[in-house]
Structures are given as structure tokens and as C-alpha cells.
Amino acid sequence: MQRKEVAEITRPHLAFERPTSHYKRGEAITVVMLPSQGGEFDVMLAPRPKEWLQNLHVDNNRLTIKPVLPVGEFFLKARWKPEGEINWSEWSAPLRFSIHEANENLWPKWEAEHRLSLMLERSTMGAITLIDPEAEPPGAVGLVESKWFATPVYEGATPLVNEDPAYYQDPFAYYFDCIDRLIESGAKFVTWHDVLEGRHKKAPLEILLQFDVDGGPKSMRRLYEGLAPRNIRASLMMHRRGHQWYPYELCTEDLRWIIEAEQNGWAIGYHNNALSQVVGESVLSPDESTLREAAAIFADDVSALRRHFNIRTFTHHGGNVYNLKVVPPCWLDIIGVDRASSPRLWESIRTMFSDGGFVTRPGTLRSKVESLTPGLHFFRNHPFKYGNYTAPVDAPPRFTNELQKAGLKADQAVLDWQKRELEKEARWLRHRQASRSKVRLAYLRLDKPISSRFAPYSEVEQRVNALRKRRRETFLRLYPWAEGDPRVFWWRMLEAWAPKKGDLLNVGALPPDQKNEHTAFLSPDVVVRDMDIDASRLPDYQFDVCNAPISVTNRFSGTLLFGLPYFASPSAAISACARITTPGGVGLFGFVADTHPARGSVWHPESRHLWRKEQEPLSNIGLKANLWAFDKDCLAELFQDWSEYKAEFMGHYWFVVARKKKVKQ
């Protein structure tokens, strides 16, 4: 067998089986790991000595941490070695978690994490994507007159979604509050030029502040004008021009204040986006010709910037394209200051912080500032995150009702700009999925054909809370945010899409004491009839819907089915629902997606069954490890007997509204 290089071996990906990183002392923790293949996992638990590894148990791709950890913060890493190989993969991205006292109220933390889990996905390589760009960040919930607004999501304009509430109240003021805290603590600000020339290590606490200017210069100028009176020097990494996603060229007005910044001791460097300029929206890996073209652009950009600035350093732009693959010509005599480029420059740097992408790592900016110890600390800030919330803006709000926050009027020019940015968002997010995600973990929620018709949550909240009180705590911990509970989505779908009169057949009867879970969300002119093979559930009809008698053909105004994974032949069940629904009637369906951590086929491909018609029927259906899961590709075939259908993904479930064609008179 030919040996693979380490870089070619799949890097593991870790996730909690219960979607939270906050646990109470005395709880066991289960982690699932990809790939779920033959081989060996090597696990690191930190910060603990090696003897703590005896508290870890690995069984295939499931890792159990025994309930003995003390209160504190920890992280896990894993690497993987395939069977028959001698090399290990790279270590996975760290999976962080906290152990709390048993009596601590963790519900707010669980709810915030639940909200984030419905907004974000993390690829096996650690790239984070915002899969629901319309969702409200947890820290922004309930704020009054906040200055933050959601923007269209694309490279250079990615919003932070897990910051402190103070950030969403006023991003600009929040940033300078953090800067002022550093000043008050006696921090000295240094630049990369200081590091190159050894002009640092002069104060107990030093900050190497770097700005990566991506989405436009307006936000950075606003930050500079706040930093200059504070006598703060920083390193400014800038493009010569924007690219595919945020095209711009530095103008005379931009050059004026950047030249002033350099005269005030700022270090100006090149933010390499040369490969991004070449590949555009392509997701193909660059070949040697493409890399040579990018290297030429790199040289041209640096040469053009050197007409105005002393460009000695560069960093690689991230985003969807691996600009780090570009090797600058040696004759440029320019130094890469990213850690991978020049590890020796980082030997004196004690910690680093970056707010790139959608999250702040390893925590919020304020928490990082408050936890600093003596030494040199690196901060990479993206000015868009703080300076785009006051006119003039580099990117507009995504919602028209927030245009006034950005000092914009809803005239045709602004609405056209907003529309272009939202169209760009859809392209960029799909581009990111294709270029940065190796395993399908979730589905983008760019279109919401079902929930767009929902009534405001406030109108159903009281009914929802009354019904959720019946649930066990273990269930509510899976879905602590009510609006993210798949069953709540189902109830709201009933209210919005079910017929307003007639008989509905519910396939799979609810227990006798739970039947009002449907009637609470249906019109009073609707009669719900239950069908089940289990007599203990007191169904109106006791038969298998797949073998429904001919007498119920075209009988019901609508059918309801929330238990599709339990059918040996799901296609037969959906076709049967179409047969018994009256022409012009509707079918409402909810069923688990292939992404579900515990029941889908991503984390358990050996024991779960991704539905394909040719694999029906599934024997021993209903056992815990023997249920169907469904991906997006199967929906058209599943609903081929309905004239049309709408599908929406939410919380690792598919929800479908199907229509049966009316008979022409």
C-alpha cells in the first residue's frame, strides 16, 4: 500500500453530541468525531496532565469524557491515523467547553449556544459559515435603540454574531472602550516595524495592533480618526484594490489619511489578495499558471503601494481563497508577518486575538482585553466590524427598516445597492460552502419559503410555552430556545399553511393527553382525525397509511406527517398521503435531515441510513440505530406524486408543504 503524506490524511472534526459547550459538574460528555472510518484516534485534553486521559473513552467515532472533571475551561483536540498508515493527520480545530458548578443556572448560556448553532456551521477545516444570515445574534436580543445592524454577508463584510451585548448596542463605542481599557492598564502599542527592528519589549504590557482592511476604507478611516488623538500606533495591512466581492481602488482622499497615519508612526503593509483577484468566483484549486499570475499581481500591487508608503511587510488575506499559496518574488524584499510565514517573529508574542470571520476567537474582544497578563499580545482587528455602523458605510443594512441607522434613505439608488449586495451574499455563501467546507454539516437558509409566512412569534408564544412545559428537561436542553425547537416550527407551519376548514388526517397519532398540540394551532373549523396502527393512542382510524383503504381516497383536505424516518418505505407513505388528500389539498411534513448530530447520517454513517428509494424497505425500522435520514437531493423524488412542494431546512429537520393539483372542471 502506498503511504500518504500527513497533509493528505483527513483532518478530524469534533462536535458535541448534545449541542452545547457548557456542562454541569458531574455530567458525562459525549463527543462525536469524523471521519467515522477504520483507524485510530489520538485525543488531547487540555489544560490537564496526561493522567487525565484515563477519563476518556473512545468507541469508534464517539468519545466519552467521564464525569470527573473539575470546574473550569478545557479544550479537546484529536488526530487520526487510518488503518495501515504510519502517519497521523493534523490535529483538529480545538473543541472548547466549560464545566460549571451543579447549581449554576446555565439556561441563558444554553439558549445563546442554541441560537448560534442555528446560525453557524464549522467545516472540518475550521472555516465558519453563517448559514442563516437573517438570524438575530444572541447578544443583540432585546436591546433597545442599538446601533448595530445586520449587513449582507460576503467576504470583507462578515458580521460578528457572538459578541457581548455592549458591542451590538454601539460597536464603535464598544471598540474604543476596549482600547481605553488597554490604555488605562498602561499598555504600550507597537508595530511590526518595531518588532523587526527590536524596538519592543520596552514595557510590561505591549499590544501589537494590526488592522486588516478588507471591505472598504471608510470604516478604517473612522477608527484611525479615533486612535490618532489617543497617540496609538498600529500596523495597517491594506489592499491596493479590492477584488471580486468588494471591488474598490484607493483614491486620493484615502491616500491622504493613510499617509498621515504613516507619518504618525503607523506601519503600512500589504494585505495580499492577489490570488483572490485572479480566481474570482472559481472554486477550483489554482494551478501553477494561476499562481504565477497571482504572484505577478502581488508584485504589481506592492510596487504601486510603495510609491506612497514604506511597504516592508505583508499578510495573507483569508476569506474563501487560500491567498497564502502565492509566493512573492524574492526581489520584492518583503517580509510575511503571519505566524506560518515567519514563526521566529512570533516567538516573543505571548497570545493572539482575531475577530476575523463571523466569531471572535477565543472569546469576545472585551474578555480578551480584561484577561491580559504582562507580555506582548497580538490583536488582529477588522475595521468593518466596528466602523461600518455610522454613515458613510462600506456596506448597507440588509433590512430596509434599518437603513436609517446607516444614515441612508430608502430611495431607488439605495434599494438597488442593497439588492445587489444581497444577490452577492447568496453567491458568496454558496461559494464559501463549495470552497471551504469538506463535509456537509448544514444547509444555507437563504430562502425561507415556509417560515416567511409565519405570524410574529409573539402571537404564538403563550401557546408554545404552555405546550413546552410538558417536555422533559433533557428534551428542553436540546432545544432551549423555543423558536429553534423543531416541534415549534411544526406548530407554526400548521398555523400558517394548514387548510382553514375541513378534515385533516394526522398520520401517527399523538398520545391522548397531547392531542391539543395540533388543535391549538389550527382553525376552529378544522377537524383533526388521527391514524395509527397503535390502538393505545386512540386513533380515529387504525390502519397503516401505506395500506389505507380505497374509501379514504381523496377524503381529507390535508394530511400531517411528522414521523417519516419510522416508515420502512417513506416514499410509499408520502405517496399514500397524496392519494388520500383531496385535489387542491395540502400535505404538511416534518422529518430529520442528514445533518442531525444524533440521528442523521453525517456523524453516524455506519449506523444511519440516508434515504434512497432503491434501498427501501428498511428492516427492523424504529430501533434506535435503524432510522432513515434525508438530504436535500432526495426531496424531489420523495414528493414526485405531489404537483408541487416547498421545502425549508431548520434545526437539522426538513419541513415540507406539498400541494395536490386541483381537478379541472
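This is a predicted model: local features need pLDDT of at least 70, side-chain atom pairs count only at pLDDT 80 or more; totals for chains, interfaces and linings use all residues.
Visitor: Which element gives the largest share of the lining of the second largest pocket?
Guide: The second largest pocket has a volume of about 1,700 Å³ and is lined by 49 residues. The elements that contribute two or more residues to this lining are helix H13 (473-478), helix H14 (486-497), strand S19 (502-507), helix H15 (516-519) and strand S22 (581-592). The largest share, 3 residues, comes from S22.

Visitor: Which residues lie nearest the centre of the second largest pocket?
Guide: The lining divides into 25 nonpolar, 9 polar and 15 charged residues. Of the 49 lining residues, those nearest the centre are Arg487, Phe562, Gly563, Tyr566 and Arg599.

Visitor: Is helix H16 largely enclosed by the rest of the structure or largely open, and how many of its residues are buried?
Guide: Helix H16 spans residues 570-580. Its buried residues are Pro570, Ser571, Ala573, Ile574, Ala576, Cys577, Ala578 and Ile580, and what covers them includes S19, strand S21 (556-561), S22, strand S24 (628-629) and helix H17 (635-638). H16 is largely enclosed, because the buried residues number 8 of 11.

Visitor: With which side chain does the side chain of Thr129 make a polar contact?
Guide: Thr129 sits in strand S10 (residues 128-130). Its relative accessibility is 0%, so Thr129 counts as buried. Leaving aside neighbours within four places in sequence, Thr129 is in contact with Met119, Leu120, Glu121, Phe358, Leu429, Arg432, Gln433 and Leu444. The polar contact, at 3.0 Å, is with the side chain of Arg432.

Visitor: What is the length of the polar contact that joins the side chains of Tyr270 and Asp301?
Guide: Tyr270 belongs to strand S14 and counts as buried because its relative accessibility is 0%. Not counting residues up to four places away in sequence, Tyr270 touches Met237, Met238, Arg240, Gln277, Phe298, Asp301, Val302, Leu305, Ile311, Thr313, Phe314 and Thr315. The side chains of Tyr270 and Asp301 are joined by a polar contact of 2.7 Å.

Visitor: How far apart in space are Tyr270 and Leu444, C-alpha to C-alpha?
Guide: Leu444 is among the residues in contact with Thr129. In sequence, Tyr270 and Leu444 are 174 residues apart. Their C-alpha to C-alpha distance is 33 Å.

Visitor: Where in the chain do Phe211 and Trp266 lie, and how many residues apart are they?
Guide: Phe211 counts as buried because its relative accessibility is 0%, and Trp266 counts as buried at 4%. Phe211 is in strand S12 (residues 205-213), while Trp266 is in the loop between helix H6 (252-263) and strand S14 (267-272). The pair links distant parts of the chain, 55 residues apart.

Visitor: How many residues apart in sequence are the parts that the pair of Tyr224 and Trp266 ties together?
Guide: Tyr224 and Trp266 form an edge-to-face pair, 5.2 Å centre to centre with 75° between the planes. Both residues are buried, and both belong to a cluster linked by ring pairs that also includes Trp148, Tyr167 and Phe211. Tyr224 lies in helix H5 (residues 217-227) and Trp266 in the loop between H6 and S14, so the parts tied together are separated in sequence by 42 residues.

How values were computed:
Residues are numbered from 1 along each chain as its sequence is written. Side-chain values use heavy atoms; hydrogens and water are left out. On a 1 Å grid over the protein atoms alone, a cavity is a set of points where a 1.4 Å probe fits but cannot get out, and a pocket is an open set with protein on both sides within 12 Å along at least five of seven lines; lining residues have an atom within 4 Å of a point. Grid points are joined across faces, edges and corners, and a volume is the space filled by probe spheres set on the points. Helices (H or I, at least four residues) and strands (E, at least two) are DSSP runs, numbered from the N terminus. Ala, Val, Leu, Ile, Met, Phe, Trp, Tyr, Cys and Pro count as nonpolar, Asp, Glu, Lys and Arg as charged, and the others, Gly among them, as polar. Buried means under 20% relative accessible area, exposed over 50%, partly exposed in between (1.4 Å probe, protein chains only). A polar contact is a pair of N or O atoms within 3.5 Å; within protein, one must be able to donate a hydrogen and the other to accept it, and residues adjacent in sequence count only if both atoms are side-chain atoms. Contact means heavy atoms within 4.5 Å. Rings of Phe, Tyr and Trp (its six-membered ring) pair if their centres lie within 6.5 Å; planes under 30 degrees apart count as stacked, over 60 as edge-to-face and the rest as tilted.
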